[in-house]
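Subject: Structure for your review, with findings

Dear colleague,

Please find below the structure I am handing over to you. My notes on it follow directly after.

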Amino acid sequence: MKYLLLLFPTLCLARIPVDFFGTAGCDTCQRLKTTLIPEILETYGPDIAWTDHDITVENSLLLLLAYRTQFHGHANEPVSIVIDRATLLQGEAPIRAHLSEEIDTALQRRLENPAYQPPPPPETTLQHAHTLRQTFTWSAVILGGLLDGINPCALTTLIFFLSLLTLTRTPTRTRLHFTLGFILATFLLYTLLGFGLIRLLTHIPLFQQFRTLFIYLIALLLLLAALTTLLTLNRKAPLLALPDTFRQRIRRTLTSGLRAPAALLSGLTSGLLVTLLESVCTGQGYIPVLTLILRHAPTNAHIWAMLLLYNLLFILPLILVAILCHFGLKAIDLAAFSRRHLRLLKILTALFFILLATLLFLIG
């Protein structure tokens, strides 16, 4: 049949749309583009309208998601082809086995009905996929930022921070400057760490080539972190503790009669050191959220907005502690709260890790 149509291509009034979905660094895509696809284009060239889609581009990814929804496809194949907007092939083996056959079927439809027109792209499904994806991403950013700010590792810092504000008898203005410096340093450093990781991941060729493998690895590490968190439900000691020498140094700094500008600098320095130490523990939730943002944020503006929102929510507990301290909250009160609700916080953290790992497996 295909040879007949090569002789009489005008019999097909509508060319067959063939949509190829892949990425520039995809090994499977390159193999198909250097072996099978040239043969297909040579054989069916006059009768097909071939379109390459890079799924790292927003519209192409959403279109693929729409076709997956329409044809009940799966998400774990690096390459997909849609023929005549009627058939979805995913994976190298099915494409090699059935691509020519499906194009022949589309040609047969046109022979039987020369007025046949392919259906339009699934625009309604496309918008639904976009909305659903954005909702999942923003929800993960909000929930992740809040839980990261109050997870068991962060609680250690909160208690220490509150003890500094309540146990040191320094002027109110000095404590205010130290507090501002501490919170500002925490926000800036955590934001810069996130921005640096995003830039690193987007500029590493190996990450582009093995994106799916990297996402699956992150998801597995999340499940391991969730399991570890659940296995330590009854552990009372904090997973992260500031060295005693570091604690004493900050206390001496606050009680040494610093003026307000020096207290601000001391707060910035303390915030940087504490955040660096804390990030070793809290990063187990930060990196997966950044991975999710990279896959789902449609523009750089969205990436920045999500990153800033996450870190604003991360420092929200610090801000609340500072305000409550002004109205009489003591470190012993927060420590008692931590002991009473530590199990619940661990369970919530583990559930979030499991949810995030599931989302990463689905988008991988």
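A residue counts as exposed when its relative accessible area is over 50%, as buried when that area is under 20%, and as partly exposed in between. H72, at 71% relative accessibility, is therefore exposed. Please note that the model is predicted, and that every value in this message was computed from it.

Overall composition

The protein has 14 helices and four strands. Of its 364 residues, 47% are buried.

Two loop residues with positive phi

H72 sits in the loop between α4 (58-71) and β3 (80-83). Its phi is near 55°, a positive value in a residue other than glycine. R85 also has a phi near 55°, again positive in a residue other than glycine. This residue belongs to the loop between β3 and β4 (87-90). As background, most residues other than glycine have a negative phi. With regard to accessibility, R85 is partly exposed because its relative accessibility is 23%, a value between the 20% and 50% limits.

How do α2 and α5 cross, and at what angle? The axes of α2 (residues 27-34) and α5 (residues 92-112) come within 11 Å and cross at roughly 20°. Angles under 35 degrees count as roughly parallel, so α2 is roughly parallel to α5. The crossing of α2 past α5 is right-handed. T28, R31 and L32 of α2 make this contact with E92, I95 and R96 of α5. Sorted by class, the residues in the contact of α2 with α5 are two nonpolar, one polar and three charged.

The pairing of α2 with α3 (residues 36-44) has an angle of about 40°, and the axes are 3 Å apart. The angle therefore makes α2 oblique to α3. On the α2 side, the contact is made by R31, L32, K33 and T34, and on the α3 side by L36, I37 and P38. Four nonpolar, one polar and two charged residues take part in this contact of α2 with α3.

The remaining pair is α3 and α5, which pack at an angle of about 15° with their axes 11 Å apart. That angle makes α3 roughly parallel to α5. α3 passes α5 in a right-handed crossing. L36, I40 and Y44 of α3 meet I95, R96, L99, S100, I103, D104 and L107 of α5. By class, this contact of α3 with α5 has seven nonpolar, one polar and two charged residues.

Nonpolar cores

In soluble globular proteins, nonpolar side chains tend to be buried together. Which residues of the largest nonpolar core touch the most other members? They are V289, I293, L356 and L360, in a core of 38 residues. Two or more residues of this core come from each of α6 (123-150), α8 (172-202), α10 (211-231), α12 (260-296), α13 (300-326) and α14 (331-363). Leaving out residues up to four places away in sequence, L360 touches I215, Y216, I218, A219, L222, P288, T291 and L292. Another core, of 21 residues, lies apart from the largest one, and L32, Y44, W50 and V79 are among its members.

L184 and T186 both lie in helix α8. Is each of them buried, partly exposed or exposed? L184 is partly exposed because its relative accessible area is 41%, whereas T186 is buried, with a relative accessibility of 2%. L184 and L268 are 84 residues apart in sequence, yet their C-alpha atoms are 7.0 Å apart in space. Setting aside neighbours within four places in sequence, T186 is in contact with G271, T275, F314, I315 and L318.

With kind regards

Notes:
Residues are numbered from 1 along each chain as its sequence is written. This is a predicted model: local features need pLDDT of at least 70, side-chain atom pairs count only at pLDDT 80 or more; totals for chains, interfaces and linings use all residues. Side-chain values use heavy atoms; hydrogens and water are left out. Axes are lines fitted to C-alpha atoms, for helices over the stretch in contact, and angles run from 0 to 180 degrees between N-to-C directions. Angles under 35 degrees count as roughly parallel, over 145 as roughly antiparallel, 65 to 115 as roughly perpendicular and the rest as oblique. A crossing is left-handed if the near helix is turned anticlockwise from the far one by less than a right angle, and right-handed if clockwise. Contact means heavy atoms within 4.5 Å. Ala, Val, Leu, Ile, Met, Phe, Trp, Tyr, Cys and Pro count as nonpolar, Asp, Glu, Lys and Arg as charged, and the others, Gly among them, as polar. A nonpolar core is a set of buried Ala, Val, Leu, Ile, Met, Phe, Trp, Tyr and Cys residues joined through side-chain atoms within 4.5 Å. Buried means under 20% relative accessible area, exposed over 50%, partly exposed in between (1.4 Å probe, protein chains only).
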